[in-house]
Amino acid sequence: NTNEVKSWFVNRYLYSAHKDVLTEQQRNNFELAKHSFSLLNEEFSFSKVLVSSNDIMVNTPNGDIYYEYLSSGFKSCLSIIFGIIKDIEFRFKDPGINAHEFDGIILIDELELHLHPEWQAKIAKILVKVFPQAQFVAATHSPHILQGANPNEIIALASDNGKVYRRKLDGQKYGYQGWTVEEILVDVMGMSDTRTEKYYQEIDNFEQAIDSDNYLVAESAYIELDSLLHPNNNMRKLLKLELASVKGDV
């Protein structure tokens with residue numbers, strides 16, 4: 001809960017001004033939370049909390065801004081970090097422990113939720129930096145998270161007739177860091193296709209027209225495909241060559 005972890009951070013800030021109110025572990029955990037701003041972006045840092053309104057201020061290259069003005073991805077990443085620190089404090093009170101020394105298991109479901117793909121690619125490594133001794137087990141449907149994973153960190157699950165099993169993956173020296181998102185979706189996550197029904201309809205129309213030497217129908221299908229494809233897709237050149245091969249006299 002974003003508001004809950006934000007309130008925890010503000011609470012720690014206010015109490016840190018009073019001697020002997022916070023334990024040593026709570027003070028250390030608050031320092032870790034403050035440092036998290038810079039871990040997410042080295043040009044950002046925690047500035048202060050406005051006591052009159054409990055607003056968190058963040059120092060940026062453009063000066064101090066309100067916490068609420070940070071990107072949603074930035075705030076989501078902070079919420080994950082603050083939430084883990086807060087939960088460690090709640091579960092381990094006597095004796096307390098420093099969150100960055102926690103060596104247990106942390107389970108996270110749908111790690112990519114509410115994160116832009118750019119943050120999805122970063123979040124796993126950021127968590128390992130903040131909690132270097134913890135073991136994370138995270139469920140995800142994000143190819144961007146898998147793309148940044150180290151070798152042997154990925155367990156791909158699939159189901160057959162209601163039974164879940166582990167899919168066998170080809171081991172790679174660098175994991176999937178050199179793979180495209182599309183390759184990961186198909187070969188790692190088991191997605192059967194990454195194209196739309198509209199694309200296949202038009203490519204089928206085009207190929208049938210080429211096979212029957214029907215230039216006008218092929219040209220019409222090509223125009224549709226030209227509108228569907230990415231502007232830099234090399235397939236457009238191949239389609240043009242095929243189209244030219246049946247042009248003849250129209």
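**View 1. Leu50 of β1 and Asp55 of β2 are bridge partners.** The model is predicted; local features need pLDDT of at least 70, side-chain atom pairs count only at pLDDT 80 or more, and totals for chains, interfaces and linings use all residues. Residues are numbered from 1 along each chain as its sequence is written, and side-chain values use heavy atoms, without hydrogens and water. Strands β1 (residues 45-50) and β2 (residues 55-60) run antiparallel and share five bridges; pairing requires at least two DSSP bridges. Strands are DSSP runs of E, at least two residues; helices are runs of H or I, at least four.

**View 2. Asn54 sits in the loop between β1 and β2.** Four residues separate the strands of this hairpin. Asn54 is not a glycine, yet its phi is positive, about 65°. Most residues other than glycine have a negative phi. Asn54 counts as partly exposed because its relative accessible area is 35% (buried is under 20%, exposed over 50%, partly exposed in between; 1.4 Å probe, protein chains only).

**View 3. Asp20 also has a positive phi, of about 65°.** Asp20 lies in the loop between α1 (2-16) and α2 (24-40). Its relative accessibility is 66%, so Asp20 counts as exposed.

**View 4. A cis peptide bond links Asp94 to Pro95.** Omega is near 5°. Pro95 belongs to the loop between α3 (72-91) and β4 (105-108). Most peptide bonds are trans.

**View 5. Glu182 lies in helix α6 (residues 181-188).** At 45% relative accessibility, Glu182 is partly exposed.
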